[in-house]
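Biologist: I have a model open and would like to learn how to read it, feature by feature. Could you walk me through it?

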Amino acid sequence: MPSGTEITGVIVRGYGLYYDVTTPHGILRCTLRGTIKRERRKTTPAAPGDRVRTTLTTPGTPEGEPAEGVIEEIMPRTRSLSRLARGTTDSEQVIVANPDQLVAVFAVHEPEPHPRLVDRFLLIAEARGLEAVICVNKLDLANKGDVERTFAPFRMAGYPIVTTSAHDGSGLDALRATLQGKLSAFAGPSGVGKSSLLNALSPERAAEKTGEISSATGKGKHTTTWTTVFQIGPDTYVADTPGIRALQLWGVDFEELDRLYPEFRPYLGACHYDDCRHLNEPDCAVRAALDEGVIHPDRYASYCAFKVGGD
Ligand code: GDP
Ligand code: ZN
């Protein structure tokens, strides 16, 4: 392809001034037009997950040097997982741009899954307008019935639950099916098997981590930003986002906490008081649904704890 060819792609990682963009023709190592940086001071100008338009400046070499290019335009973000940039009060640091869903990973044991922690990850997803899938890993350490019981409140709330074992490979096809055609951000406490699952899904990641290839584009050592996106199929990406493994409930509006429990939503607006908090107000539609058994008591207790106690 001649220099100047326009190519679209997705940023998979940043290295200081450089960004790797995955394109239909392979990885393109890009710089960013200065105008983009100047126009985007209040946010991370270019983040993993951003869809971009680039132009090729230097074709790749047969020896494996990557093709080089320039990012000309960043497409508007549909949504993002972000936090407040350190040392600022109004700048957004984007952890991953354009995620379609959050895959909240837990283990059946080692570590034990704590329902409140599951709720926290779900709240992060809901607050960001992301779909959430719960992945329960290490299925080889338990029987499926126990897992079903532990996660019943979340299933009742409508969340899809995929059970996997990164060790024996069970459930990986079902997990792949839920990832199809989306950019999924993996999150969850440490030790549950996120790295193992991501390696099983992405041979590229597995090879990188074991040092088979030094970096996707081979220019020796670079400081990577902490999020890396891996393409695992056509239009299918997984984001390895260490930054949200321990994310606080940043951006969660506790005034609107009830909206973040999807199973409460059909009842909101039906309470006697418009500003009902669903705690002890009379004629509360949410508590009526609880009494009828439509809302799981554990999820209601979780709501009350966050509502009263905050983060
Ligand atoms: P991460 O911290 O969430 O990235 O977790 P890792 O992938 O590093 O895994 C933590 C530990 O759990 C490692 O010792 C893995 O070998 C182990 N592990 C990961 N997946 C499974 C699994 O499906 N079954 C069992 N028994 N152990 C697993
Ligand atoms: Zn109410």
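**Reading the model, feature by feature**

Modeller: Let's begin with the surface: the protein chain exposes about 14,700 Å², and carbon and sulfur atoms supply 51% of that area. Keep in mind that this is a predicted model.

Biologist: What radius of gyration would a compact globule with 311 residues have, and what does the protein chain have?

Modeller: The idea is to set the chain against a rule for globules. A compact globule with 311 residues would come out near 19 Å, and the protein chain has 22 Å, which agrees. Along the principal axes, the C-alpha atoms fill a box of roughly 70 × 45 × 30 Å.

Biologist: How many helices and strands are in the protein chain?

Modeller: Eight helices and 13 strands. Contacts tell you how the chain comes together: of those with a separation of 6 or more, 65% are between residues 24 or more positions apart.

Biologist: And burial? What percentage of the residues in the protein chain is buried?

Modeller: Buried residues make up 48% of the 311. The cut-off to remember is that buried means under 20% relative accessible area, and exposed means over 50%. Thr54 has a relative accessible area of 0%, so it is buried. Leaving out residues up to four places away in sequence, Thr54 touches Thr5, Glu6, Ile7, Val21, Leu28, Cys30, Val70, Ile71 and Glu72.

Biologist: Is Thr228 buried or exposed?

Modeller: Thr228 counts as buried because its relative accessibility is 10%. Thr228 lies in strand S12, residues 228–233. Its contacts, again without residues up to four places away in sequence, are Val12, Arg13, Val238, Ala239 and Asp240.

Biologist: What about a residue in a helix? How does Ala305 score?

Modeller: Ala305 sits in helix H8, residues 297–309. With a relative accessible area of 36%, Ala305 is partly exposed. Beyond residues up to four places away in sequence, Ala305 touches Arg116 and Gly310. Arg116 is 189 residues from Ala305 in sequence, while their C-alpha atoms are 9.3 Å apart.

Biologist: Now the backbone. Which residues other than glycine have a positive phi?

Modeller: Asn98 is one of them, with phi near 60°. Asn98 lies in the loop between strand S7 (92–97) and S8, and it is buried, with a relative accessible area of 8%. Asp283 is another, with phi near 50°. Asp283 is in the loop between strand S13 (236–240) and helix H7 (285–291), and at 58% relative accessibility it counts as exposed.

Biologist: Where should I look for a cis peptide bond?

Modeller: Check omega. From Glu110 to Pro111 the peptide bond is cis, with omega near 0°. Pro111 belongs to the loop between strand S8 (101–107) and helix H2 (115–127).

Biologist: Last one: how many cavities of 30 Å³ or more are there, and what lines the largest cavity?

Modeller: The count comes to one cavity of 30 Å³ or more. The largest cavity holds about 30 Å³ of space, and its lining is Val147, Glu148, Phe151, Arg155, Ile161 and Thr163. Helix H3 (144–156) and strand S10 (161–163) are the elements giving two or more residues to that lining. H3 supplies the largest share, four residues.

Key
Residues are numbered from 1 along each chain as its sequence is written. Chains are lettered from A and ligands numbered from 1 in the order in which they are written. This is a predicted model: local features need pLDDT of at least 70, side-chain atom pairs count only at pLDDT 80 or more; totals for chains, interfaces and linings use all residues. Side-chain values use heavy atoms; hydrogens and water are left out. On a 1 Å grid over the protein atoms alone, a cavity is a set of points where a 1.4 Å probe fits but cannot get out, and a pocket is an open set with protein on both sides within 12 Å along at least five of seven lines; lining residues have an atom within 4 Å of a point. Grid points are joined across faces, edges and corners, and a volume is the space filled by probe spheres set on the points. The radius of gyration is taken over C-alpha atoms; the globule rule is 2.2 Å times the number of residues to the power 0.38. Buried means under 20% relative accessible area, exposed over 50%, partly exposed in between (1.4 Å probe, protein chains only). Contact means heavy atoms within 4.5 Å. Accessible areas come from the Shrake-Rupley method with a 1.4 Å probe; for residues, only the protein chains shown count as cover.
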